[in-house]
Amino acid sequence: MSEHTYGDRLAIREALQQFGRLNRPVAELADETDLFSVGFTSHATVNVMLAIEDALGIEFPDELLNRSTFVSIEALASAIEISRGQA
Amino acid sequence: MSSFHGWFGDPGIWAAVQLPEAGSLGVVICTPLGQEGVVAYRGLRLLADELQRRGIASVRYDPPGRGDAAPSTDPQAPIQGARLAAEVLRGSGCTHIAYVGLSSAALIASAAAAPGEILVLWSPPASGRVWLRRSRSLATIMIGPDRQFGQVESLIGLDLDPAQAAVLEAIKLALPGGAPALIARRPGEPVPSGLSGATKTEVEGTAEFLDTSSVSSVMPSAAITTIADWLLAQASEPTPLQPPALRPELTLDHSVERIRWIGPNQLFAIECTPRENSGTTPVVVLHAGASEHRVGAGDYQVELARLLAADGVGSIRADRRGAGETGSVGPTEPTMFYTQAWLEDQDAIVADLEVSGDQLALTGLCAGAWMAGHRTTTNPRLVVGIHPLEFSVEPFAPNEFVDEVVMPRELTNPFMLALQRLYRRWAPVWVRRLRARAAAKADAGPYLVDLAKRADRTVLIFSEIDQEVFRRLGGTDAAARLPGIELVNVATLDHPLFARQTRHRVIAEVRSQVADAFGLPKPTQ
């Protein structure tokens with residue numbers, strides 16, 4: 001895992017911890033855990049997305065604004081990579 | 001304690017004013033935009049009650065172009081509406097004005113407040129631009145490609161043309177100065193820049209109150225107490241207050257709207273009649289979805305009511321128990337989803353109309369569709385169920401229904417499939433009823449059989465989600481064997497009618513079906 005990816009995942013986990021309103025502690029979740037199965041909602045996805053954008057100085061493009069982008073930490077990390085590529 | 005409802009100004013705002021006998025401070029509770037305003041409705045009513053208990057007057061309102069107010073596309077209407085609401089309170093004798101704005105309404109409150117007026121910003125976004133970015137993202141996730149409809153974009157329950165969006169986007173939060181201000185933010189939420197002169201406090205429960213549906217919303221009692229107590233500390237010596245100068249009806253090009261209080265539970269309702277009322281006008285009962293109040297998602301019930309009036313048809317949109325203005329509001333009120341109380345409310349509305357069945361149509365969205373399809377005091381000529389999801393013949397107990405779409409399990413075993421087909425084809429109604437009462441998700445058959453017996457004609461309009469639920473519950477097969485039931489499928493995932501495009505289609509379908517049922521000219525869409 002590159003340093004960049006590690007930092008991204010840390011930012012994702014911090015955003016989930018603060019805004020995810022999940023019913024399990026973020027520390028217990030694997031990168032592949034289905035976030036919607038642990039209480040992630042549409043409102044929370046947007047709050048988490050905005051927190052990640054603030055933390056990493058990126059903006060998710062509209063085409064990534066769908067459920068599959070937010071399904072797991074892994075998927076969010078991929079979305080961050082794509083967002084950087086489009087910046 | 002006194003409350004008053006009606007319209008004020010031109011174009012008219014709809015206003016609900018609560019006055020103590022004497023007071024000095026009048027609070028304009030700004031209405032959050034779109035679905036936020038629908039979800040927050042009862043909580044903001046509780047805030048008005050708490051203010052009244054402290055000797056503080058308040059007004060809740062719909063600005064021109066939203067909810068029950070007169071139509072308007074003026075981009076400044078939300079801000080002008082807040083100032084008109086303040087005028088109502090000044091006219092009643094309030095000497096000081098405060099604006100309270102929750103979330104998107106914080107933008108409106110900040111823009112409307114003049115120097116010397118008190119400001120309370122509850123969970124404010126950083127700016128109009130930030131709020132719009134968040135709302136567009138949420139709408140793209142929840143609505144998808146249906147979000148854009150010509151020049152109009154749909155957020156969640158809110159349509160904006162480019163000029164309206166530009167006005168909201170340009171709002172930067174600022175303090176009016178010359179009076180105290182409070183920022184009540186969520187834990188950890190940053191304070192927007194430009195508000196350094198305000199008192200700051202953290203309040204719990206905003207996410208549980210606002211970031212959810214009208215059914216799951218939890219009343220933020222502690223936050224409301226904090227805000228009401230802070231406002232009380234700003235009030236000065238009380239003076240006697242006068243009833244507000246509200247108009248009891250709203251006259252538009254094609255319709256007249258009047259406030260009604262219906263039945264033993266005093267359901268708050270607005271009737272909408274054609275301006276040229278013949279006396280034998282058909283009437284459509286409009287039931288909103290979820291626990292939403294009478295305007296419905298994206299105000300679709302108001303738009304439909306006014307278009308029906310132009311077609312020569314009257315309507316009534318009511319707040320059933322647990323919604324909108326009806327009944328008292330408390331910090332722990334039960335969820336009345338799919339309850340006997342709601343069926344009794346429908347009976348009260350129908351009885352109050354005093355029309356014969358051949359002049360009556362019942363319509364509703366989702367939970368409202370379930371109500372419209374149930375037996376009531378008069379058999380209607382037409383039932384239009386919009387996006388129905390529940391087909392239980394028996395009501396649920398308060399708090400029993402869980403707010404989530406559970407897709408019924410589909411059988412794959414060939415033997416079980418054959419058994420299911422036989423059951424759906426041959427099982428007598430009494431067996432189906434017994435099974436429906438016991439099943440977690442009721443088979444649609446008994447509900448449809450009842451409906452076919454009572455209504456001359458039934459039209460069920462489905463989005464893709466509820467269409468699949470209906471099919472799995474055996475509804476498609478059952479409807480094919482019953483007389484007078486028509487199924488209309490709309491290619492959208494927008495079950496709640498958040499998108500303009502979906503509402504446009506549904507409204508056109510309802511008007512067309514009503515015209516057919518009552519022998520009226522086909523409406524021009």
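Biologist: Where do B:Arg471 and B:Glu468 sit relative to each other in chain B?
Modeller: Both are in helix H15 (residues 464-472) of chain B, three residues apart, so about one helical turn separates them. Helices here are DSSP runs of H or I with at least four residues, strands are E runs of at least two, and numbering goes from the N terminus. B:Arg471 and B:Glu468 form a salt bridge, with the closest N and O atoms 2.7 Å apart. The salt bridge rule is a side-chain nitrogen of Lys or Arg within 4 Å of a carboxyl oxygen of Asp or Glu.

Biologist: What kind of model is it, and how are things numbered?
Modeller: It's a predicted model: local features need pLDDT of at least 70, side-chain atom pairs count only at pLDDT 80 or more, and totals for chains, interfaces and linings use all residues. Residues run from 1 along each chain as its sequence is written, chains are lettered from A and ligands numbered from 1 in the order written, and side-chain values use heavy atoms, without hydrogens and water.

Biologist: Back to that pair. How accessible is B:Arg471?
Modeller: Partly exposed, at 37% relative accessibility. B:Glu468 is partly exposed too, at 24%. The classes are buried under 20% relative accessible area, exposed over 50%, and partly exposed in between, with a 1.4 Å probe and protein chains only.

Biologist: Which residues are joined into one network by salt bridges that share partners?
Modeller: B:Asp68, B:Glu257, B:Arg294, B:Arg306, B:Arg317 and B:Asp319.

Biologist: Take B:Asp68 and B:Arg294. How far apart are their closest N and O atoms?
Modeller: 2.6 Å, in a salt bridge. The pair links distant parts of the chain, 226 residues apart. B:Asp68 is in the loop between strand E5 (57-62) and helix H3 (77-91) of chain B. B:Arg294 is in the loop between strand E17 (283-287) and helix H9 (300-310) of chain B.

Biologist: Are B:Asp68 and B:Arg294 buried or exposed?
Modeller: Both are buried.

Biologist: What about B:Glu50 and B:Arg53?
Modeller: Their side chains meet in a salt bridge, 2.6 Å from N to O. They are three residues apart in helix H2 (residues 41-53) of chain B, so about one helical turn lies between them. B:Glu50 counts as buried, at 17% relative accessibility.

Biologist: How many salt bridges over all chains?
Modeller: The count comes to 37.

Biologist: Switching to backbone. Which residues does the cis peptide bond join?
Modeller: B:Asp10 and B:Pro11, with omega about -5°. B:Pro11 is in the loop between strand E1 (2-8) and strand E2 (13-19) of chain B.

Biologist: Why flag that?
Modeller: Most peptide bonds are trans, and most residues other than glycine have a negative phi.

Biologist: What is phi for B:Ser103?
Modeller: Near 50°, a positive value in a residue other than glycine. B:Ser103 lies in the loop between strand E6 (96-102) and helix H4 (104-112) of chain B. Its relative accessible area is 7%, so B:Ser103 is buried.

Biologist: And B:Ala290?
Modeller: Phi is near 45°, positive as well. B:Ala290 is in the loop between E17 and H9 of chain B. B:Ala290 is buried, at 15%.

Biologist: Now chain A. What does A:Met49 contact, leaving aside neighbours within four places in sequence?
Modeller: A:Phe60, A:Leu65, A:Phe70, B:Arg133 and B:Ser137. Contact is heavy atoms within 4.5 Å. A:Met49 is in helix H2 (residues 42-56) of chain A. A:Met49 is buried, with a relative accessible area of 0%.
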